[in-house]
Amino acid sequence: MADPGAGEKLKVFISYSRRDSAAFADELMAGLEVAGFAPFLDRHDIAAGEDWEARLGGLIAQSDTVVFVISPEAIKSEQCTWEVDRTLELSKRLLPVIFKSVPDHDIPEKLRRLQFVSFDSGTGFARPLSQLAEALRVDLDWIREHTRLGDLARRWDARGRPESLLLRGDDLDAAKAWMAARKAAAPEITDAQRTFVRTSDEAETSRLGRERAQLRRSARLLWAVASLVLLWFGYVLWKDYDVARRELNVFTARATDALNDEQFDRAMRYALQVYPARGDLPWITPFSTELEGKLAGGALSTRLHRQLNGHSKPVKTAAFSGDGKLVVTASDDNTARIWDAESGREIAVLKGHTDNVLSAAFSGDGKRVATASRDSTARIWDAESGKEIAVLKGHDGAIYSAAFSADDKRLVTMSDRTARIWDAESGNEIAVLKGHTDGMDSAAISGDGKLVVTASEDATARIWDAKSGREIAVLKNHDSALNNATFSADDKRVVTASRDSIARIWDTKTGKEITVLKGHAGPVSSAVFSGDGKLVMTASYDLTARIWDAESGNAVLVLKGHTGSVFTAVFSGDGKRVVTASADSTARIWDVESGNEVARLLARLAPKRGKSGDIGDILGLPWEGKQIAVLKGHTDKLHSATFSADGKRVVTASDDSTARVWDAGGGTEMAVLKGHDDMLGAAFSADDKRVVTASKDKTARIWDADSGNEIAVLKGHTDSVNSAAFSGDGKRVVTSSEDKTARIWDAGGGAELAVLEGHTAKVHRAAFSADGKRVVTASSDKTARIWDAENGTEIGALKGHDREVRSAAFSADGKLVVTAAVFDNVRIWNAESRKEIAVMKGHLVSSAAFSADGKRVATASWDGKARIWDAESGKEIAVLKGHNIIVYTAAFSGDSKRVVTASMDHTARIWDVTWATLMRDDALREGVCAEKLIGAAQEFTDGEMEDPVLRGIDKNDPIARNPCLRRGPLSLDYWTRLPGQLWRSTLRLAR
C-alpha cells in the first residue's frame, strides 16, 4: 500500500477488485499521483481469520475521498460492497469510475445515483483521468477538513472522550464555520463529527465560564492587592505630605522670627527650604500664602548689597577708597585685602605682618594703603600691586590704627598710651603724642592736617596739635573706655565711640559735647561721619551698625545681618554705601541714601563660590522696596494720601487747610488746593482730571487737578465731612460725615442724589465699588455697611469689630471688603455673603486698602508704621518704617508697585513694594535666588545648621545646605543628583 500521509495533498483511497482491476488500479494511482493527489490502495489478500474490516476501515477513514472502480468482479465482491457501505457510513466523498461496463441494474442503488467517470468509453485514459482529477478538486479544503475532523472525532471517541482532545478557541470556531459552509453535494457531516464539535463547543463554553470566573477572582484579588498598594502608597504620600506640611509650619515660624529680628537673609533661606522647588509635584507639595509672604517680605526688606568673603579669621576693619571703587579690609589672619567694591572681586592680598592686622586705610588718592598690626609695626603698601612700600617701627606694643592725613603727606599711628606722627613718604617719625593715662585705641588726623584726635581706654579722647604734639583739649563724659574718635569732614566736630554703648559728638574747638547717640545694646566699636557731616555711622558688638542724624541724634537706620560683633562701619566717599567688618569673618557693603532721609534698601548680592578669596562676577542691582520720595510742604498733620490712576501724581490732605498735588516720581509739589478750613481727605477722579476733597467745614469740594481751581462745592452735611471719593465713571461722588450719614452727589452739578442713613454714629469713610453699583461705609458704631448706590438702600452690615471702624474699601473685583477698626484688627469680608474671611492682627491700625489684585492689603497704624499683608492668610509680609508718628492712611498705586502713606509727622511718603506685591510663585523663588541671595549667601551658615530643624542636612554637602538648589522629581537635576545623595546617605549610615 502506498503511504497515505502525503502532506497537504488530497488523500484518495482506491477501492477495486484485484481479480479484474489490479492493473487498472495501479495505472489509476500513478495518474493521480502525477495529478498532485495522494492515492493509496489495498494490495493485501485477505487471510483466513483476518479482521480485514478493521484494516480497510482504517484506510477509508484516513482518506479524503474514495474512488470506487466499477468492474464485474467489484460488483460481485463482498469486500468491495463493504468498502462502499463503510465509505457512505463515514460520510466520505465517493466517486465511482467505470473500468469495465456492468449492466445498470447490477450496480447497487447507492452507486447508481452518483455521477460516474467512464474509463471504458474508448477515449483513452488521460481524458477520464482529467475528469476524475477535476471532480476530486471540487471543495478541496472542505473535504480535507471533513477528513481531519472525522479523524479527531474517532480518536476522541476511541480514547473515552477526554476533554483534552476536544477543539478549542480558533480551531473550534473554524470547525463550526466548516459545518455551516457545507454544500448540498458535499458529503454528509457525520454524527460523530457533530457530537465532537458540539461537545467541544459545550466544553469551551464551560471552560471559558470557569476561566472568566477565575479571572474575576483573580481580578478581585489583584484589585485588592492594588487597593492595598494604592492605600499604602496613598498613606506614604499622605505621611510625606503631612511631614512636609508640618515642616512648612516650622520653617514659616523660623522665617517669621528671622524677619522680626531683621535677619532677612536668614528668613529667605528658611522660607526657601520648604517653598515649592523647581520640578516639585504640585499636588503633593504643601504651599501657603503665609510662607510666600515671608519670602517676599525678606526680599523686600533686605538691605545688604555685597558680602566680601576671603579672610579666614575675624575682619577687624574695612574702609572705602576715596572714589568708592575699592574696599580694604584688615583681619586677624595677619593680612589685609583689597576688593573691587562693585563686583566684590578680591584684587590684592597684603602679606607681611607677623601678627593680627588691626586696621587698614587708603590714602586720599587711593594709591596707597596703611596698615597697623599687633606685630608693633605699621606698613604702607602700593594699592595697585599689593607690594610693601615702607615699614614704620617705633612703637613698643601693638599698633591699633594707622591713618593718612588729608594731603597724604603724614600718617598717624596709635599704640598703647602714645600716638605717633610719621612722614608718609620717608617713613620718618615726626612727633610723639603723650598724655593718656591708659592704653590708646585710635588716632586720626584732621582734614587740614593740623590736628590729631586720639581715643583711649582712660575714657577720654584728646585733641592734639599735629605739628608740636601739644594737647589742645580733653573730651570727657564717657563712662568707659573709648574705641575710636574721628573728625567730621570740615574738622569742626569729633565723634567718639565707647564701650559704654554710646557714641558722642563734640565741638572740636571748645571740646564741648554736642549730641549723644544712644541705642546700641553693646559696646560701640567705631563711629564716623558721612562726607557731608549730616549723618554718623556706628558699629557695635550688638551685631548691628546704625546710621544717625548728626544734628538731632536720632537713629535713622539699623543694619542687621552680621552674625558676629561689628567692629567698623564707614561711609563710601559719595555717602551712598556703607561697608562693615565683623567677627563673622565677613565684610558687607550696604546701600544707603545721603541726606536727611534714609531709604529702606533691599538689593542684596553675595559671593559666588570660586577660588579662595574670589567671590565671582556679580552684577549690580536696582534698589527695591526703598522709600522713593518724601512729600514735604504741609505745615500740619496729613490725614490722607492717594495716587492718581496713572500713578504719576499723589494728592494729600492736611490739617493746614490745604490739599496738595505732587509729582509721584520726584516728590515735587505741583498744585495747592485752598478753600477749606481743614482738610480730612482727598482723591482723584478715574481720569485724573479732578480732585475731590473733604473738610471739617461740612463741605466737599471738586477741583481741577491741573490748575487747582475749584469747580464745585457739595453742601448738605450738618457736620464735618470725613472722606470723599469719585465713582469709577467719575459721574458721582460719595462722602462720609460726622453727621452719621454718607451722601451720593452728582459730580457735574453738585446736586445731592441720595442720603445713606442707618449708622448710629459718625461715618469715617465711604467708597464706591469699581462698577459703581455699591458703596461701603465705615462707622464709629463698630460696623461697616454695604449700600445700593442707585437707590441708597442698605444691603447689609459687616459686624465683628469691637471698636469704631475707621476705614472700609472694596477689592477691585468687588468680591471682598477690607475694614480697619481703631485699636482693633483688620478684617476681610466676602462682600456677597458678608461673612468674615480673615483677620490681620498685630498693630494699632488706622486704615486698610487692597492691592489691585486683592491679594495684598496695606495698612496704616498709630505706631508710625505701615504694613503689607497677605489677604488670604492674614499674615504680615513687610513693615514700612520711616514715619516717626501716627500714619493715618496707606494706599496702593494702580499697578500695586508702590504704596503712599500719610502721617501726623506732616509728610507723605512713597514706597516701592514690588517684591511684596507682584513677585509670586516660581517667579518669587527664582527672583530671590537670582537677585537677593547670591553664591555663599544662599547656603545656611554653620550657626544656622545647628538649628534642630536643619540637622538632617549634610554640612559638607554644598547642594543640600543651599535651598536655592532644591529640585523636585520633575526636574532633570533631581535624578542626576539622586545617586550621589544616596551614596552619601549610605556612607553616613555606615559611619
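# A walk through a predicted model

Strands β24 (residues 493-498) and β25 (residues 502-507) run antiparallel to each other and pair over 5 bridges. Within the pairing, V495 has I505 of β25 as its bridge partner.

The two strands belong to an open sheet of 4 strands, in the order β23-β24-β25-β26, with antiparallel pairing. At the edges sit β23 (482-487) and β26 (513-518), each of which pairs on one side only. From one strand to the next, the twist averages 15 degrees. What holds such strands together in general? Strands of a sheet pair through backbone hydrogen bonds, in either a parallel or an antiparallel sense.

Now look at the loop between β24 and β25, where you will find S501. Its phi is positive, about 75 degrees, although S501 is not a glycine. That deserves a second look because most residues other than glycine have a negative phi. Is S501 buried or exposed? With a relative accessibility of 18%, S501 counts as buried, since the cut-off is under 20%.

D921 is another non-glycine residue with a positive phi, in this case about 50 degrees. D921 is found in helix α13, and its relative accessible area of 47% makes it partly exposed.

Helix α13 also leads us to a disulfide. The structure holds 1 disulfide, and it joins C929 to C964, with an S to S distance of 2.1 Å. Distant parts of the chain are linked this way: C929 is in helix α13 (residues 921-932), while C964 is in the loop between α13 and α14 (972-990), 35 residues apart. In general, a disulfide is a covalent bond between the sulfur atoms of two cysteines. Why is the disulfide of C929 and C964 left-handed? The torsion about its S-S bond is about -90 degrees, and therefore the disulfide is left-handed. Both C929 and C964 are buried. Another buried residue is C80, at 2% relative accessibility.

Next come the nonpolar cores. The largest has 40 residues, and those that touch the most other members are L295, I868, L880, V899, L924 and V928. Leaving aside residues up to four places away in sequence, L295 touches M268, A271, L272, Y275, L924, R925 and V928. Another core, of 38 residues, lies apart from the largest one; V328, A545, A569 and F571 are among its members.

How many aromatic pairs does a search of the whole structure find? The search finds 11. Two of the pairs are set out here.

| Pair | Centre to centre | Angle between planes | Geometry |
|---|---|---|---|
| Y275 and F287 | 6.0 Å | 75 degrees | edge-to-face |
| Y541 and F567 | 5.9 Å | 75 degrees | edge-to-face |

Y275 and F287 both lie in the loop between α10 (264-274) and α11 (289-301), so their pair ties together parts that are 12 residues apart in sequence. Y275 is buried at 2% relative accessibility, whereas F287 is partly exposed at 39%.

In the other pair, Y541 is in the loop between β28 (535-540) and β29 (544-549) and F567 is in strand β31 (residues 566-571), so parts 26 residues apart in sequence are tied together. Here Y541 is partly exposed, at 41% relative accessibility, and F567 is buried, at 13%.

Finally, F24, F99, F119 and F125 form one aromatic cluster.

Definitions and conventions
Residues are numbered from 1 along each chain as its sequence is written. This is a predicted model: local features need pLDDT of at least 70, side-chain atom pairs count only at pLDDT 80 or more; totals for chains, interfaces and linings use all residues. Side-chain values use heavy atoms; hydrogens and water are left out. A disulfide is a pair of cysteine sulfur atoms within 2.5 Å. Buried means under 20% relative accessible area, exposed over 50%, partly exposed in between (1.4 Å probe, protein chains only). Two strands pair if DSSP finds at least two bridges between them. Axes are lines fitted to C-alpha atoms, for helices over the stretch in contact, and angles run from 0 to 180 degrees between N-to-C directions. A nonpolar core is a set of buried Ala, Val, Leu, Ile, Met, Phe, Trp, Tyr and Cys residues joined through side-chain atoms within 4.5 Å. Contact means heavy atoms within 4.5 Å. Rings of Phe, Tyr and Trp (its six-membered ring) pair if their centres lie within 6.5 Å; planes under 30 degrees apart count as stacked, over 60 as edge-to-face and the rest as tilted.
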